[in-house]
Amino acid sequence: PEGAFYVFVDVTGTGMSDIEFANGALEAGVQLIPSSLITGGEGFVRLSYASDEDIINEGLIRLKIWLIK
């Protein structure tokens, strides 16, 4: 109860800043946290994986569709 499940993903290979990536992901229906809000976190986004596997897979599919457009 005092912890959480997060993964930090390097998004620098997309050519977008972490804020640009998070904004685009939100338009795709996936909420991410740009890690530049944390000192030293530039270029990464934070995702929570404390959810059902089906929900995580749906989010990944939405991100994939958004990124290949």
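User: What volume does the largest pocket have?
Analyst: The largest pocket has a volume of about 400 Å³. A pocket is an open set of points on a 1 Å grid over the protein atoms alone, with protein on both sides within 12 Å along at least five of seven lines. A volume is the space filled by probe spheres set on the points. This is a predicted model: local features need pLDDT of at least 70, side-chain atom pairs count only at pLDDT 80 or more, and totals for chains, interfaces and linings use all residues. Residues are numbered from 1 along each chain, and side-chain values use heavy atoms, without hydrogens or water.

User: Which residues are closest to the centre of that pocket?
Analyst: Val30, Gln31, Leu32, Leu47 and Ser48, out of 19 lining residues. Lining residues have an atom within 4 Å of a point.

User: And which element gives the largest share of the lining?
Analyst: Helix 2, with seven residues. Strand 1 (6-10) and strand 3 also give two or more residues each. Helices (H or I, at least four residues) and strands (E, at least two) are DSSP runs, numbered from the N terminus.

User: How many of the lining residues are nonpolar, polar and charged?
Analyst: Eleven are nonpolar, five polar and three charged. Asp, Glu, Lys and Arg count as charged; Ala, Val, Leu, Ile, Met, Phe, Trp, Tyr, Cys and Pro as nonpolar; the others as polar.

User: New topic. How many salt bridges does the structure hold?
Analyst: One. Arginine 62 and glutamate 58 meet there, at 3.0 Å, N to O. A salt bridge is a side-chain nitrogen of Lys or Arg within 4 Å of a carboxyl oxygen of Asp or Glu.

User: How far apart are those two along helix 2?
Analyst: Arginine 62 and glutamate 58 are four residues apart, so about one helical turn separates them.

User: Is arginine 62 buried, exposed or partly exposed?
Analyst: Partly exposed, at 36% relative accessibility. Glutamate 58 is partly exposed too, at 37%. Buried means under 20% relative accessible area, exposed over 50%, and partly exposed in between (1.4 Å probe, protein chains only).

User: What about leucine 37, buried or exposed?
Analyst: Leucine 37 is exposed, with a relative accessible area of 65%. Its place is the loop between strand 2 (33-34) and strand 3 (44-48).

User: And where is glycine 13?
Analyst: Glycine 13 is in the loop between strand 1 and helix 1 (18-27). Its relative accessible area is 79%, so glycine 13 counts as exposed.

User: How far is glycine 13 from glutamine 31?
Analyst: They are 19 Å apart in space, C-alpha to C-alpha, and 18 residues apart in sequence.

Conventions
On a 1 Å grid over the protein atoms alone, a cavity is a set of points where a 1.4 Å probe fits but cannot get out, and a pocket is an open set with protein on both sides within 12 Å along at least five of seven lines; lining residues have an atom within 4 Å of a point.
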